[in-house]
Amino acid sequence: RVASLSPPHPEYFLIFLATSSIGAIWLGLNPRHRIGEYRHVVGDCEPSLLFARTRIGDRDYRNELETLTAEVSSIQDFIVLSGDPPISRGIDFESFVRRGAGVTPRELAAARGEVRPEDTALIVYTSGSTGKPKGAMLPHRGLVKCSRVQLRYWNCHPLRVLNYAPIDHVGCVGDISSFCLVGGGSMVFMENHDPAGLLEILERERITWFLAVPTVLHMIMARPELEDRDLSSLQKVCWSGAAAPPAMVREIARRFPVVCNGYGMTETVGSVTFCSTSDGLDALCETIGFPVPEYEVRIGRVDGSTADAGEAGEILVRGDFIMNGYWRRPDAP
């Protein structure tokens with residue numbers, strides 16, 4: 001396993017792609033977390049390599065990283081990114097890359113040739129409905145299939161996306177990064193997001209597709225400078241992760257050509273239901289959309305039987321794209 005502590009930045013995605021391309025398993029760490037959370041995740045996953053920024057914004061991580069590398073015996077190398085301040089147990093990224101010069105093209109091709117679509121590409125820790133976070137093992141096939149399906153419903157031409165999501169979240173790695181890569185798009189990274197900064201980048205970079213949680217959309221819509229920004233490049237504004245107030249949805253739909261929502265979870269790798277303004281504003285405001293034919297989705301009762309129309313139940317999803325289970329917890333619910 002290979003762990004990364006970083007804000008959304010090209011380094012994060014390059015390390016993820018390099019890791020997964022040779023059959024290793026990648027794990028993202030959230031810069032907002034504290035030492036207790038890092039201890040649980042890193043101690044549970046036991047990575048061999050840890051790539052990290054030692055300073056992000058005003059926060060210095062050196063003491064916490066020293067503690068982790070001392071406590072977690074699996075960590076063979078700690079690599080400091082972006083020319084950040086070093087720690088005693090670490091090496092700089094350039095030195096790490098030079099060590100890789102001894103790997104031949106044949107050895108690299110052999111490692112990549114053994115990777116199977118069903119293999120786990122990354123672990124995403126999610127609390128779900130039980131105690132401490134569990135590591136959901138997400139397969140290569142799931143990331144690619146969910147990205148292809150999402151492109152059918154949320155694609156733009158050209159595809160230009162803004163990525164400001166935390167790298168430990170499936171929304172960053174799957175819904176944004178993998179989606180953009182599979183779609184052949186361009187991705188703009190934003191390390192420290194704020195509503196005013198988001199608006200400035202959306203305008204300057206001519207972003208065409210924007211995914212956010214409703215809280216972020218609310219903050220953007222409340223900015224006084226919104227009226228002065230040229231956001232005519234935005235073709236689709238999408239949200240997921242929570243219900244959005246109907247008044248806000250209607251205001252967003254008034255301003256932008258297409259507004260979309262979707263529903264998914266870490267364990268399904270991507271969204272499994274979709275809705276847009278073409279389905280009507282009532283559906284967009286009051287539902288999480290429609291299950292798409294590419295996936296098996298139904299509403300089930302407690303006993304597992306299919307619920308009748310109008311009957312409450314659980315959303316059940318089945319397919320070869322969902323997670324491979326929880327890391328070291330094969331029987332976990």
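Strands β6 (residues 77-80) and β7 run parallel and are joined by 3 bridges; two strands count as paired if DSSP finds at least two bridges between them. The model is predicted, so local features need pLDDT of at least 70 and side-chain atom pairs count only at pLDDT 80 or more, while totals for chains, interfaces and linings use all residues. Residues are numbered from 1 along each chain as its sequence is written, and side-chain values use heavy atoms, with hydrogens and water left out. Helices (H or I, at least four residues) and strands (E, at least two) are DSSP runs numbered from the N terminus.

**The seven-stranded sheet**

- The order β7-β6-β3-β1-β2-β8-β9 describes an open sheet of 7 strands with mixed pairing.
- Its edge strands, each pairing on one side only, are β7 (90-92) and β9 (134-139).
- From one strand to the next, the twist averages 25°.

**Two residues of strand β8**

- L122 lies in strand β8 and is buried, with a relative accessible area of 1%; buried means under 20% relative accessible area, exposed over 50% and partly exposed in between (1.4 Å probe, protein chains only).
- Apart from neighbours within four places in sequence, L122 is in contact with F16, I25, W26, A136, M137, L138, L143 and V173, where contact means heavy atoms within 4.5 Å.
- The C-alpha atoms of L122 and S147 are separated by 15 Å, and the two residues are 25 apart along the chain.
- V124, also found in strand β8, is buried with a relative accessible area of 4%.
- Not counting residues up to four places away in sequence, V124 touches K134, G135, A136, L138, D168, V170 and T266.
- Between V124 and P333, 209 residues apart along the chain, the C-alpha separation is 16 Å.

**Helix packing around α7**

- Helix α1 (residues 10-21) packs against helix α7 (residues 170-182) at an angle of about 80°, with the axes 12 Å apart; axes are lines fitted to C-alpha atoms, for helices over the stretch in contact, and angles run from 0 to 180 degrees between N-to-C directions.
- Helices α1 and α7 are therefore roughly perpendicular, a class that covers 65 to 115 degrees, whereas angles under 35 count as roughly parallel, over 145 as roughly antiparallel and the rest as oblique.
- On the α1 side, the contact is made by Y12, F13, F16 and L17, and on the α7 side by C172, V173, S177, S178 and L181.
- These contact residues of α1 with α7 comprise 7 nonpolar, 2 polar and no charged (Ala, Val, Leu, Ile, Met, Phe, Trp, Tyr, Cys and Pro count as nonpolar, Asp, Glu, Lys and Arg as charged, and the others, Gly among them, as polar).
- Helix α6 (residues 140-154) and α7 have axes that come within 9 Å and cross at roughly 80°, which makes α6 roughly perpendicular to α7.
- In this second contact, L143, S147, R148, Q150, L151 and W154 of α6 meet G174, D175, S178, F179 and V182 of α7.
- The contact of α6 with α7 divides into 5 nonpolar, 4 polar and 2 charged residues.
- Helix α6 also lies across β8 (120-126) and β9, running at about 70° to β9.

**Strands β12 and β13**

- Strand β12 (residues 209-212) pairs with strand β13 (residues 236-239) in the parallel sense over 4 bridges, and W209 stands opposite K236 in β13.
- W209 and L211 point one way from β12, F210 and A212 point the other way, and all are buried.
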